[in-house]
Amino acid sequence: TGADVAVAVEDPLSYYKIKWAMRDVPGFDVYCALGTTVKPILALKIASYTRAVMFFDGDPPGWRESKLMARKLRGLGCQAIARCAPEGLDPKDMTATQIREHLNEAITIST
(Lines give C-alpha, C1' and ligand atoms only; values in the text may rest on other atoms or scores of the structure.)
Protein backbone atom coordinates (compact mmCIF):
# COMPACT_ATOMS: atom_id res chain seq x y z
CA THR A 1 0.00 0.00 0.00
CA GLY A 2 2.96 2.31 0.40
CA ALA A 3 1.86 3.22 3.90
CA ASP A 4 4.43 3.37 6.68
CA VAL A 5 2.07 3.50 9.68
CA ALA A 6 -0.67 1.08 10.74
CA VAL A 7 -3.38 2.43 13.02
CA ALA A 8 -5.53 -0.05 14.96
CA VAL A 9 -8.90 0.87 16.45
CA GLU A 10 -11.54 -1.08 18.36
CA ASP A 11 -14.73 -0.60 16.36
CA PRO A 12 -15.99 -0.02 12.82
CA LEU A 13 -17.28 3.51 13.47
CA SER A 14 -13.85 4.59 14.75
CA TYR A 15 -12.29 2.88 11.72
CA TYR A 16 -14.41 4.88 9.29
CA LYS A 17 -13.95 8.14 11.18
CA ILE A 18 -10.15 7.79 11.10
CA LYS A 19 -10.16 6.71 7.44
CA TRP A 20 -12.17 9.84 6.66
CA ALA A 21 -10.05 12.14 8.82
CA MET A 22 -6.80 10.83 7.28
CA ARG A 23 -8.06 10.59 3.69
CA ASP A 24 -5.67 13.29 2.42
CA VAL A 25 -2.74 12.30 4.63
CA PRO A 26 -0.44 9.77 2.96
CA GLY A 27 1.31 6.99 4.82
CA PHE A 28 -1.44 5.68 7.11
CA ASP A 29 -3.47 2.46 6.89
CA VAL A 30 -6.26 1.83 9.41
CA TYR A 31 -7.33 -1.55 10.81
CA CYS A 32 -10.27 -2.52 13.02
CA ALA A 33 -9.58 -5.06 15.77
CA LEU A 34 -13.31 -5.56 16.53
CA GLY A 35 -12.65 -5.18 20.25
CA THR A 36 -9.62 -4.55 22.39
CA THR A 37 -7.95 -7.85 21.54
CA VAL A 38 -5.91 -7.81 18.34
CA LYS A 39 -6.13 -11.27 16.79
CA PRO A 40 -2.82 -12.94 15.80
CA ILE A 41 -3.42 -12.62 12.04
CA LEU A 42 -4.06 -8.89 12.40
CA ALA A 43 -1.03 -8.50 14.69
CA LEU A 44 1.18 -10.08 12.02
CA LYS A 45 -0.22 -7.73 9.38
CA ILE A 46 0.32 -4.68 11.59
CA ALA A 47 3.84 -5.84 12.50
CA SER A 48 4.74 -5.71 8.79
CA TYR A 49 4.61 -1.90 9.02
CA THR A 50 7.51 0.20 10.24
CA ARG A 51 5.33 1.89 12.86
CA ALA A 52 1.99 1.22 14.52
CA VAL A 53 -0.38 3.21 16.70
CA MET A 54 -2.86 1.46 18.96
CA PHE A 55 -5.60 4.12 18.88
CA PHE A 56 -8.13 2.43 21.15
CA ASP A 57 -10.89 4.01 23.23
CA GLY A 58 -9.82 6.26 26.09
CA ASP A 59 -11.08 3.97 28.85
CA PRO A 60 -9.26 1.51 31.15
CA PRO A 61 -9.77 -1.56 28.89
CA GLY A 62 -8.61 0.43 25.87
CA TRP A 63 -5.44 1.61 27.59
CA ARG A 64 -4.65 -1.77 29.13
CA GLU A 65 -5.00 -3.70 25.89
CA SER A 66 -3.36 -1.08 23.67
CA LYS A 67 -0.26 -1.05 25.89
CA LEU A 68 -0.15 -4.84 25.83
CA MET A 69 -0.54 -4.96 22.05
CA ALA A 70 2.10 -2.27 21.49
CA ARG A 71 4.53 -4.27 23.62
CA LYS A 72 3.82 -7.44 21.62
CA LEU A 73 4.30 -5.60 18.33
CA ARG A 74 7.61 -4.16 19.52
CA GLY A 75 8.65 -7.76 20.20
CA LEU A 76 7.98 -8.44 16.52
CA GLY A 77 10.24 -5.55 15.47
CA CYS A 78 7.60 -2.88 14.86
CA GLN A 79 7.88 0.59 16.42
CA ALA A 80 4.51 0.48 18.18
CA ILE A 81 2.92 2.89 20.62
CA ALA A 82 -0.26 2.90 22.68
CA ARG A 83 -1.93 6.25 22.00
CA CYS A 84 -5.58 5.97 22.97
CA ALA A 85 -8.24 8.61 22.55
CA PRO A 86 -8.44 11.18 25.36
CA GLU A 87 -10.01 9.90 28.57
CA GLY A 88 -13.69 9.17 28.19
CA LEU A 89 -13.67 9.45 24.38
CA ASP A 90 -13.53 7.01 21.51
CA PRO A 91 -11.69 7.91 18.29
CA LYS A 92 -15.10 8.29 16.61
CA ASP A 93 -15.95 11.07 19.11
CA MET A 94 -13.00 13.20 17.99
CA THR A 95 -12.98 15.77 15.18
CA ALA A 96 -10.94 15.19 12.04
CA THR A 97 -8.45 17.85 13.18
CA GLN A 98 -8.12 16.23 16.61
CA ILE A 99 -7.53 12.82 15.00
CA ARG A 100 -4.82 14.17 12.66
CA GLU A 101 -3.07 15.99 15.53
CA HIS A 102 -3.36 12.92 17.78
CA LEU A 103 -1.79 10.62 15.19
CA ASN A 104 0.92 13.11 14.26
CA GLU A 105 1.87 13.39 17.95
CA ALA A 106 1.92 9.59 18.25
CA ILE A 107 4.25 9.29 15.26
CA THR A 108 6.54 11.97 16.67
CA ILE A 109 6.69 10.15 20.02
CA SER A 110 7.40 6.76 18.44
CA THR A 111 10.32 7.91 16.29
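This is a predicted model: local features need pLDDT of at least 70, side-chain atom pairs count only at pLDDT 80 or more; totals for chains, interfaces and linings use all residues.
Which strands does H2 lie across, and at about what angle does H2 run to E2? H2 lies across E1, E2 and E3, and its direction is at about 170° to E2.

Four strands form an open sheet in the order E2-E1-E3-E4, and their pairing is parallel. At the edges are E2 and strand E4 (79–82), each of which pairs on one side only. On average, neighbouring strands of this sheet are turned by 20° against each other, direction ignored. As background, strands of a sheet pair through backbone hydrogen bonds, either parallel or antiparallel.

Let us look at the pairings of E3. E1 and E3 run parallel and are joined by 4 bridges; here Val5 has Arg51 in E3 as its bridge partner. E3 and E4 also pair in the parallel sense, over 4 bridges. Two positions show how these strands line up: Ala52 stands opposite Ala80 in E4, and Val53 stands opposite Ile81 in E4.

Which way do the side chains of E3 point? Arg51 and Val53 point one way, while Ala52 and Met54 point the other way. All of these residues are buried. In a regular strand, side chains alternate between the two faces of the sheet.

**Glu10 and Asp57**

Now to the loops. Glu10 lies between strand E1 (5–9) and helix H1 (12–21), and Asp57 is found in the loop between strand E3 (51–54) and helix H3 (60–75). The side chain of Glu10 reaches the backbone nitrogen of Asp57 at 2.9 Å.

Not counting residues up to four places away in sequence, Glu10 touches Cys32, Ala33, Leu34, Gly35, Thr36, Phe56, Asp57 and Gly62. One of these, Gly35, is 25 residues from Glu10 in sequence, yet their C-alpha atoms are 4.6 Å apart in space.

Asp57 has its own set of contacts: leaving aside neighbours within four places in sequence, they include Glu10, Asp11, Ser14, Trp63, Cys84 and Pro91. Asp57 is buried yet has no salt bridge. The nearest side chain of opposite charge belongs to Lys92, 5.1 Å away.

Most residues other than glycine have a negative phi.

Elsewhere, Asn104 is found in helix H4 (residues 96–110). Asn104 and Ile46 are 58 residues apart in sequence and 18 Å apart in space, C-alpha to C-alpha.

| Residue | Relative accessibility | Class |
|---|---|---|
| Glu10 | 11% | buried |
| Leu34 | 61% | exposed |
| Asn104 | 41% | partly exposed |

Why does Glu10 count as buried? Glu10 counts as buried because its relative accessibility is 11%, which is under the 20% cut-off. Leu34 counts as exposed because its 61% is over 50%. Asn104, at 41%, falls in between and so counts as partly exposed.

Methods: Residues are numbered from 1 along each chain as its sequence is written. Side-chain values use heavy atoms; hydrogens and water are left out. Buried means under 20% relative accessible area, exposed over 50%, partly exposed in between (1.4 Å probe, protein chains only). Contact means heavy atoms within 4.5 Å. A polar contact is a pair of N or O atoms within 3.5 Å; within protein, one must be able to donate a hydrogen and the other to accept it, and residues adjacent in sequence count only if both atoms are side-chain atoms. Lys and Arg count as positive and Asp and Glu as negative; His and the chain ends are not counted. A salt bridge is a side-chain nitrogen of Lys or Arg within 4 Å of a carboxyl oxygen of Asp or Glu. Two strands pair if DSSP finds at least two bridges between them. Axes are lines fitted to C-alpha atoms, for helices over the stretch in contact, and angles run from 0 to 180 degrees between N-to-C directions.
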